[in-house]
Amino acid sequence: MPDKEIIRALRTTSGETYGLPSDLLQKASRRLGIAALLYAGCYFIAYTAGWLAGDPSHSLIPLVFGVPITHLVAGTSILISLGMFFVAWSGKVSPQLLCDLGLIYEVIAAIGIDFSLTFEPIPPDFLPTGISWVCVWLILFVLIVPSTPGKALIAALVTASTTPFLLLVGMARGTADPS
């Protein structure tokens, strides 16, 4: 059992032992909600614009109950983000738990960003340019929702691993053939 003096030394001024001050956790909770709402809005606009433009690769995507699987993933990503927004702004979840849930949300959102790698055909001569949106999400998320270094590192490593993992799944399915 830890010594009472050690426990007292670990406590913040508000009495929490999370490692981050309570006012920072409160602000991070609000920012998490805003980030989730922005993610949902951006995902909706980007996905809908591509779909309405009539991308020919959509005809090759497998159907689930008559609906393209990418539609289901897009809808699920948007609903999860809206759910995170409402949970963050409800005030019913402690800021500490919300920040931990936010790290899980970071990973799920990254999967939503690059899920198309598993089903949409990638031409062999395709040369990616620019920066991955998962990289942008990873960097912005850590700035918006602070966490303890250990938790932030684990979430960042798992988030960064989503794109290579989804690409491997796409290669196994035969839709991706990167050089």
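Biologist: Why are α4 and α5 called roughly antiparallel to each other?

Modeller: In this predicted model, local features need pLDDT of at least 70 and side-chain atom pairs count only at pLDDT 80 or more, while totals for chains, interfaces and linings use all residues. Residues are numbered from 1 along each chain as its sequence is written, and side-chain values use heavy atoms, without hydrogens or water. The axes of α4 (95–114) and helix α5 (residues 133–144) cross at roughly 165 degrees and come within 9 Å. Helices are DSSP runs of H or I with at least four residues, numbered from the N terminus; axes are lines fitted to C-alpha atoms over the stretch in contact, with angles from 0 to 180 degrees between N-to-C directions. Angles over 145 degrees count as roughly antiparallel, and α4 and α5 are therefore described in that way.

Biologist: What makes α4 and α5 a contact, and which residues meet?

Modeller: Contact means heavy atoms within 4.5 Å. G102, L103, Y105, E106, A109, A110, I113 and D114 in α4 meet W133, V134, W137, L138 and F141 in α5. By class there are ten nonpolar, one polar and two charged residues; Ala, Val, Leu, Ile, Met, Phe, Trp, Tyr, Cys and Pro count as nonpolar, Asp, Glu, Lys and Arg as charged, and the others, Gly among them, as polar.

Biologist: How do you know whether α5 and α6 are roughly parallel or antiparallel?

Modeller: Helix α6 (residues 149–173) packs against α5 at an angle of about 165 degrees, with the axes 10 Å apart. α5 and α6 are therefore roughly antiparallel. Their contact has seven nonpolar, three polar and no charged residues.

Biologist: What makes α4 and α6 roughly parallel?

Modeller: Their axes cross at roughly 15 degrees and come within 9 Å. Angles under 35 degrees count as roughly parallel, so the term applies to α4 and α6. Among the residues in contact are D100 and D114 of α4 and K151 of α6; the classes are eight nonpolar, three polar and four charged.

Conventions
Helices (H or I, at least four residues) and strands (E, at least two) are DSSP runs, numbered from the N terminus. Angles under 35 degrees count as roughly parallel, over 145 as roughly antiparallel, 65 to 115 as roughly perpendicular and the rest as oblique.
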